[in-house]
Amino acid sequence: MHKELEEYKGKLPDKLLEEIEEKCPAGKLKKVVAKVYEEYEQARVDPGEAVGLVAAESIGEPGTQMTLNTFHFAGVAEMNVTMGLPRIIEILDGRKEISTPMMEIYLKKPYNQGDGIKDVAEAIRQTPAGEFVEEFSINVVDMQIDVRLNKERMKTAGLTTAIVTKQLEKGLRDANVKVKDDDIILKLKSKDVKGLNELYALREKAKGVYVKGIKGITQVLPVKRKGEFIIITAGSNLEKVLELDFVDTERTTTNDINEILNVLGVEAARTSILNEIDKVTEAQGLNIDHRHIMLVADTMCASGCVKGITRYGVVSEKSSVLARASFETPIKHIVDAALVGEVDYLNSVVENVMLNQYVPIGTGLPGLVTRQIKKKE
Amino acid sequence: MAKDDTEETAEEPIVAVKADKKGTLQMPESAPKEVIPGLEGLETVKTEPAAKQDFSQIAFQQSIHKQVDSIVFGVLSPKFIKKMASAKIVTPELYDSEGYPVDGGLMDLRLGVIDPGLRCKTCGSRLKECIGHFGYIELARPIVHLKFIRVILTVLRGTCKECGRILIPKEKIAKSKELLDRIDKEEGLDSRRKAVHAIIEKLKTTAKCPHCNAKQEKIVIEKPTSFMEGERRLSPIEVRTRLEKVPDEDCEIFGLNTKSARPEWMILTVLAIPPVTMRPSITLETGERSEDDLTHKLGDVVRINQRLFENINAGAPEIIIEDLWDLLQYHVTTFFDNEVEQLPPARHRSGQPLKTLTERIKSKEGRIRHNLAGKRTNFCARTVISPDPRISINEVGVPKIMAMKLTIPEVVQPWNTEYLKKFIQRGPHIYPGANYVIRPDGRKKRITDETKEAAIEELQPGYVVERHLMDGDIAIFNRQPSLHRMSMMCHRVKVLPGRTLRLNPAVCAPYNADFDGDEMNLHIPQTEESRAEAEILMDVQTQIISPRYGLSIIGCIQDAISGNYLLTKNITKMPRHQAISLLISIGVTEFSRLPNKEEVSGNEVFATLLPEDFNFVGETKAHEPIVIKNGKITQGYMDEVTLGGEGSGFLLRNIHQRYGSQATIDILHKMFKLGAEVLMMTGFSSVISDTDLPQIAKEQVTTILDEAEAEVNALVASFNSGNIDAFPGRSRKETLELKILEVLNRTRNKAGAVVKENLNKSTDTAIMVASGARGNNLQLAQMAALVGQQALRGQRIHNGFRGRTLSCFKPGDLSPEAHGFIRSSFKKGLSPVEFFYGSITGRDSLMDTALRTPKSGYLYRRLANAMQDLKVEYDNTVRDATGKIVQFMYGEDGLDVSRTENGKIDVQRIIDTTE
């Protein structure tokens, strides 16, 4: 780094210094840095600024302009994803189960060149046994189901009868699975089989047993993006996907924040919240400064895990009884506070509004202490 | 000038005086220097020695406040209830035959006063001075408190029925407690209670007490308020004795603080009677008294309680006593909460359910959200708004009748006595007059024609005159929904004739206001501090840059944009005298910057508004360059991108950066007027013929439409013959739909291009679009050529009959016109079918808005509630109210978004402007 810039290290954010170094001709570097520093100092936030409320406003206000229930249709061949307001609500709620989990799987070379991409994708997809079965024939005499497998399809998927049998055994607890020649025979374990209905039920269940792929990934779609092939999936399982050896673990992502939290930790979850909200606002053509979203993400993640902006999440963490009570379920909070003998020290905003007192934020923050001059009597 | 006079202003002196009597506020009249405990650094202290004695007295009275430091929550013990009560209630009667409150009744005078003229028997103060006092009733039999049943159950289940010890062996208690404290801290009280149970379950001590080996039985709640041990019902007496046995240290394991909540207190033996001031009765016009819901309920409680007493004393059979006991339990339960499941709500005679304690507190209309977190104020006004481009951007036009009701308190000083006397002389009916005079002791006196002279006579320093609102006074202007801080801004008052509030149309954007009947609110700050704060923090010019994205939100709109566009683009020559009259009409009288030529250009006229050393490089809406050098436009013209608001207006943003907010607002105001004046000079009107297309273009559009139709038909045909391959992850039908949709959207764009190409660009409608004042090319195309495909949730319209949208089509018809394609233009007019399609999407978007508003409102409320106490500390960290750090540096660089340019410091600009 330049000598002139060195001096401002720590005074100016690194990003700004880098930008100056990159764009500015060496000749006027000194002057430029000084000027940037001056402008930077002028644009700093004031202590006491209610940044939280400004962030809430900045996200809440354009919320009214967002569309409800739009599905993203970028290009013809991409998948449906919840966007717009419902998605924002979902993210900020910190939901464990999101409505449309989705992954973008980046691949290592040479897989990302497109050769055999379909097979790679298919290998990830969770496939039910039904897809590999030629025929389920119900044997009424022996009260069993004979399953004839489709060898060809199994071959392309790299499956053997043994694997299918094993998976079926796992999936069907109440049935005996046996191999006879190339067929699989399913028989109910319980002795008193009442009728065919139970066999039909067993057949339907057997059809749905997953024999291959990664749990949760229901659809795969190879897509060309920026000169390389990636796989977009419906359904998400970050942990298992990252274990695959052909996956580029650095760029592969999911839109399931909870999964990112579990696999990669809070910091990653926080970044993921940022990215996901950014995606929505961008798609809706809204301009919200990054800092506001950052603050929301940080409030959600400050405790070390992702807490939603709900009465069970962030709001329940508040120290003030009255602040919690003013949000939702006031009676519950007051009763619990009474049991514990909680003390409200009135150091946040609403309590003081309730008591008609100055709010410890902004201009209400500084206190003035003066020694009074004694009156000369 | 008047402002300087009042350095110490009245802060509701009336309240202050009263508060003193309540004992919540002390006014140290003799020794003002004394430090009140709990007031560390919070008292406002006069820093200067007073000039005259009279002032100092007033100043101290008004400026010393007591502050609540903390609030402790706890359960009232029977002992405490009796101690704090000032009356024991023994009779359900309210008034005697003379209508005087009965002693020992629910309206006992010792509980406070609600009738004017009477004095409180406890504190001796009058109506509105006495805050009321609690009473109590002795319950004949213990009653379970509804709100605590869950806790009672946990304690009952977790403790031994014989010895009252917790069902955890001695050696494991310490460890369990540690674990529970951690759960409590992390997940809250509810989880703790569950965890206690889980521990006991795990230790398998549920059946036998580890301390005294007594056998235990399972206890369940029989909703709503009984406990069952096995088959037997536990009476509240039994429950209470068991709870009494639980030692303090065991209670703590359950998370109870025995200082504030002993478990046996949750079974009531005495009931606190709330003061009458919180349940006042209303006297109807007929002279009849109508009691509050709470009084009704308490009457029931007292009546049944008395009957229960009598029956017990008379030795009535157990069944009767049990019944009465249950009835009493019901009444006490509904007194606390009248919406309990499994209990019929107590009702008025009319059948409407009573509103008891819980209903009073909770929900949006409850005490907390309605009265505590939200306040009502005086000195505010509301009416319809209308535009007035002639008043300044930071002004608000106030109707004279409003100005005569809204007042500003001005403290009388020796140097303004005469000035204020004139106001009193004019009185309340002649503007500008005064409505009230407030004496130093806080007494408020109305000025009437009769009292005028006396008031003037009496007036001396220390008095306060509430004078009418005048030009230049400070007001806070607001439009709901107040979604961001720009929804409440500080304006200067301008008293105008008429009956509407007037505002400059340039501030419509931040308020999101229009004039189709919108109403807005006006608040007049009453103290010097609030006025100063409003001026410094809320003034319109301080809010030009939105903190949401760091770009200007206030800018030129509509006529101001098209006017300046015309001026700078189309008017290349105008006689100098005309330019001068134009400038005079917008209030510019300095013409030295206008070139001394016979004829000047529009650019030159516009440039006179810019600062002389202003440089700017930018782009127009059509991506043509604009260059301004030393305050002169050397290239380009003005349009929405340079002058507009709401995320554009880069020229204004630049002026703001260099010359500050005040200069920006001045220049903006002049630009705004200039734009409007130009249009008045040239004339500007939108005509239907503006969207007429030449014959060739019409034919082109028709060809495009026919081609599209043919293309779609071809697609459908190939679909039917099975020649369409499905896209990955989609069915063939879906693929067809996507392809059709793509074709039809392309058609509209093509037609739009034709329209853009062929439409007369000099018409006023086209100018509006080109300048960005209103409308866009798509809307133009919809008027001139075709409306296009109506999309419902990203698809063509498929709803309706089976296989078709309307019965005039054949089932399975996939052609454009059968699925929502409108090939007519708005000007030509829509066919009935097309109109119907338009209505479908119209209704859908209406529904969308209606459903979205409450959803986004709730999201906003949650966000605001969760983040309202985050603030930047003096060390630049962002912390919450408890001091927990959320960010070490706000936004990672500590920049205030409203002071940046689109969230950034524009390094490139600095490099370019540095020599």
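**Exercise 1.** Find the residue that stands opposite Asp344(A), and the strands involved.

*Solution.* Start at Asp344(A): across from it stands Ile71(B), in S1(B). Next, zoom out to the strands, which are DSSP runs of E with at least two residues, numbered from the N terminus (helices are runs of H or I with at least four). Two strands count as paired if DSSP finds at least two bridges between them.

A word on the model: it is predicted, local features need pLDDT of at least 70, side-chain atom pairs count only at pLDDT 80 or more, and totals for chains, interfaces and linings use all residues. Residues are numbered from 1 along each chain as its sequence is written, with chains lettered from A and ligands numbered from 1 in the order in which they are written.

**Exercise 2.** Work out which strands pair with S9(A).

*Solution.* Take S1(A) (residues 102–106): this strand pairs with S9(A) (residues 228–234) in the antiparallel sense, over five bridges. Ile105(A) has Ile231(A) as its bridge partner there. Now take S8(A) (residues 219–225), which is antiparallel to S9(A) and joined to it by seven bridges. Here Val220(A) partners Thr233(A). Finally, check the turn: S8(A) and S9(A) make a hairpin with two residues between them, and Lys226(A) in that turn has a positive phi of about 50°.

**Exercise 3.** Describe the side of chain A that touches chain B.

*Solution.* Count contacts first, meaning C-beta atoms, placed from the backbone, within 7 Å: 102 residues of chain A meet 90 residues of chain B. Then ask who contributes: helix H4 of chain A (residues 51–63) gives the largest share of chain A's side, 12 residues. Last, sort that side by type: 59 nonpolar, 25 polar and 18 charged. Nonpolar here covers Ala, Val, Leu, Ile, Met, Phe, Trp, Tyr, Cys and Pro; charged covers Asp, Glu, Lys and Arg; the others, Gly among them, are polar.

Key
Two residues are in contact if their C-beta atoms, placed from the backbone, lie within 7 Å.
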